[in-house]
Amino acid sequence: MSEERPTPDGLLKMISSQESKSKRGKLKIFFGYAAGVGKTYAMLDAAHSDQKAGEDVVLGYIEPHSRPDTVSLAQGFEDIPVKKIEYRGIVLNEFDLDAALKRNPELILVDELAHTNAAGCRHVKRYDDIEELLSAGINVYTTLNVQHLESLNDIVASITHVTVKERVPDFVFDKATQVELVDIEPDVLIERLNAKKIYKENQAKRALNHFFTRDNLVALREIALRRIADKVNREVESSRTEVHDTPYYTSEHILVCLSSSPSNAKVIRTAARFASAFHASFTALFVETPHSRELNDNNRKRLRENLKLAEQLGAKIATVYGDDVAYQISEYAKASGVSKIVMGRSNNKSRIFLRKPNLVEKLTASAPNLDVYIIPDTQPSYNPEKFKNKFKWNLNLPDFLKTIGILTLCTLIGILFYTFRSFQINIITIFILGVLVISNQTSSKIYGLSSSVLSVLIYNYFFIEPRFTLGAYDPDYPVTFLVMLCASLITSSLTMRVKSQAKAAAVNAHRTSILLETSRKLQRANEFNSIIEKSSQQLSKLLNHSILFFPVKDAELQKPWIYNLDPANPLPAEYSSEEEYAVAVWVYHNRKSAGISTDTLPGAKSLYLPVKGKDTVLAVIGIPISDGNQLEIFERSLLGGMIYEITFAIEKYNLNEQQNQALMKAEKERLRANLLRAISHDLRTPLTSISGNASILLSNGTDIDQTDTHKLLENIYEDSLWLINLVENILAVTRIDDGRLGIQTQPELVQDLISEALLHTDRRRSEHQIETLLENDLLMVQVDAHLIVQTMINIVNNAIVYTPVGSRILIHAFRQGPWVIVEIADNGKGIPDKDKKQIFDMFYTANNEIGDSRRGLGLGLSLCKSIVNAHGGKIYVKDNQPNGTVFGFTLRLEEVHHGG
Amino acid sequence: MADKILVLIVEDDKAVRNLITTTLNASRSYTLLTASTGESAIMLAASKNPDIIILDLGLPDMDGMDVIKKVRTWSNRPIIVVSARSEDKDKIDALDAGADDYLTKPFSVEELLARIRVAVRKMNYDNRLNKDEAYFENGALKIDYSAALVSVEGQEIHLTPIEYKLVCLLAKNVGKVLTHNYILSHVWPNPAEADSSLVRVFMATLRKKIEKDPSSPIFIQTHIGIGYRMNRIQEENK
């Protein structure tokens, strides 16, 4: 390609992907084209040199070899003891994944990448075990034969005529950090076999005859070499795309159709090869028809396996719902910009008569501009129709009665017409109408078809000469009968078609509406709990299952919320056991689905799917499916769509929370800065007075007379008292504002609080009349004593400072329902209404002089408000009659327990 | 008291120490010792056996609590703690560890002198009377332990069993500030019944019964957030 300069974003992406790779372990595959080329030997050899270089190397699992040189090479390493699993009476040795993770070496050797684990291991496939080792940062060496690669499976099969069952998906091979080809000449290999270095004698003979023919080996070797070259090529391109920031796709888009046919697997693999060869995007489409539900179990299982295969090969799965498969495919192809379609050709002998056009022909007809690649089917013929349309003998009584009823009605109308001598043709049309109605109203084709036949017979019996016999005189009548039969058959089948199409459309609409509803509901959900609830509800509606929702809080997976589909039948306790929770935790840490119907921990009771956010898993969803009812394809794709919605909702909520926190923090900082500024400002004046007065006394002490000295000292003393009160207030602010909004409270008697407050009020209290009126001696409140005392001090001080000498200040405490009310009333000038609203704001002083004379700071009342609010009460100000002000606050009454 | 009372002042801040010494010197009834660290305080307390100790809790070398505990192993003399923190926890802990009274900085000189007077009275009371006497007298308040009778100014007061227990506890510790917890654990030993609101409720009812004017009590002094104290009434009014 052109020598474009890499974009900065591209470079960044490359570096970050490299970095993330560095946290992962490195996988090295020793790759060979047949058994016996020496892969395990090469692996052990490499491990020895690594060990000599100082690496911590451990043997995870080595296949027991009879080859003596390999066995001797395996000495000298620490090894992880095998896990013994009993299976049908035999004890099997399996790789112990948990022991390996615990041991946590730098490098571990695990033979046979394609191995399938016995039941009881966490993963079904060994390559999943190795994936977990790599995620944990452990480097792995492993071995693999070419025939185990998924995409090459049928090619190898066609050469060797042996189908290999244990397969490794291609992405595992391609993602490996290093692949080392262990290569020897086929002749040398055959020699080794003969020398019994590989297998024992009778095994060797068999191997030679079938697998190890020279031609086979040569072909396999070529495939292996080509596959490695392919991997190298792909690596070059992927690094190029990382740097250039654009995905390297041509405009090609390959589509493959999924079906339940056994040959579909080959078609999918071929399509995957096309996609990688053309560098095209790859989609697998499944067209769900009304008959899909009627597939028998084997077919359904095959369909699911084909789906899994397509996914493994990197296809995006799409589902559409409709009656006409060819039409749906062509519509999807048009809408998604598909350039090439890959399909299989069924080998069914087409009928000569009543030959329906097969799928390929229909597709070419509806989308003539599409390239269609047909993969021939070498398998025995398979007719899905036979399996699907098992004439469901759905004989239910209402439909039967309906049929009989309508036919009877037509007959009666016919007789009516006949009696009035209308045209014969009209009676026929009535019967045809009847057949139409029957086909529409009944649930199975059989009623429509049988009523077609019956109507002809009835017509013949009742209305054709000779009447009341099944004979006909007129030679024209057979033709009439034939035409009538055809008309009614066509009518009935067309009506049924229309009905099923309407049903299909309804199902489609229902599903779409669930998705739309989900989107709407989740958008409105603001609380995390309501997100959980609504998500579970919608999922449950869609899948018709109960749902387990595991939320994530503080980077830990929480216990699940259970949404029961039927509240009368809650989920049995075993579905929310510790073991099930452990599976969900595994999903959370490994970002992959697990549970029943997957390859990981398939013994679990539910299927667990991760809700993946950008960097972390946001939640885990558990779907308790019993073995028989696995998820259908269309359910899977809709589920995918829903999980997207849930991801968005949760991420939006998290972002909101973060934003709120940030805002709160900023607000707090602002307040703090304001407070400090105001304090510094307000401190200056009293400090000036104190230091000034003291310095005068020091320097001119003897020159000043007694009264003046006394006055100066009094000033100093008063200012210092004022400062003390300010400090108390500031400390009170910090106690509330400490981040923890919970204050420490004790039960206290209101009378004690008031007495304490009065001890600390301003010295000038003697200039006023202060009275206390307590309506009940045992008024008790649950408070932080110092804070409430400070509140009262502030309010009383305010009254003292802002009212003229001689005024009366009354502290009145009484009970009102569950509240204690404390009101401090003065008979001074009063506070104008406009000030009343703002008087509790910080830094607000009445008459709002920013001057220094009224050393308000304005902190006092706003602090009182904070304190009272923190206790769950309210503070207020109102006018006193006839003049003055009343400040009041409420506190929750604490019931007094008199224990005698 | 012809002898001057020996007061040990433990305070690391020079200015505050100066304030206290000047104040006490002015009243001419005290001899003063000073220490600025906990270690030297303990040594002086051991060697000179002062009558009253004024202890600052914020000492640089050790926790004031340890000083109290050490001194209390041999001496029962009054200890007044001085604390700068506005939270009550350290004062409560000090009182529970054996201190008798507390002062919060900033304190006024009057407060200081008043506290010291209380401490002196307690000291004299402790010296004179045998604690196990059957009879308690404090100003107008008289308690006859053997007859379980309480009277104020000659009038018999009817107290409930709990109130009686309370007043006896205060009397036995006259002059000392008792924390809520201390009172709870002595009067309501059963933890199932113990509820901190009980202390306040019963103190209020007791006060109503024995004080002439409950809003300005003379016998029982409330220390909000800390506890209560029975004041030693001086026969000669100062």
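Helices (H or I, at least four residues) and strands (E, at least two) are DSSP runs, numbered from the N terminus. This is a predicted model, in which local features need pLDDT of at least 70 and side-chain atom pairs pLDDT 80 or more, while totals for chains, interfaces and linings use all residues. Residues are numbered from 1 along each chain as its sequence is written, chains are lettered from A in the order in which they are written, and side-chain values use heavy atoms, without hydrogens and water.

Helix α20(A) covers residues 528-543 and reaches 23 Å from its first C-alpha to its last, close to the 22 Å expected at 1.5 Å times one less than its number of residues. Its buried residues include F528(A), I531(A), I532(A), L539(A) and L543(A). After the helix comes N544(A), with a positive phi near 60°.

The next topic is the interface. The size of an interface is often given as the accessible area lost when the parts come together. Chain B and chain A bury about 1,900 Å² between them, 59% of it on carbon and sulfur atoms; this area is summed over both parts, with a 1.4 Å probe. The contact takes 20 residues from chain B and 22 from chain A. There are 2 salt bridges between the chains, each a side-chain nitrogen of Lys or Arg within 4 Å of a carboxyl oxygen of Asp or Glu. E748(A) forms a salt bridge with R200(B), the closest N and O atoms being 2.9 Å apart.

Note on methods:
Buried < 20%, exposed > 50% of the residue type's maximum accessible area, 1.4 Å probe, protein only. Contact = heavy atoms within 4.5 Å. Buried area = accessible area lost by both parts, 1.4 Å probe.
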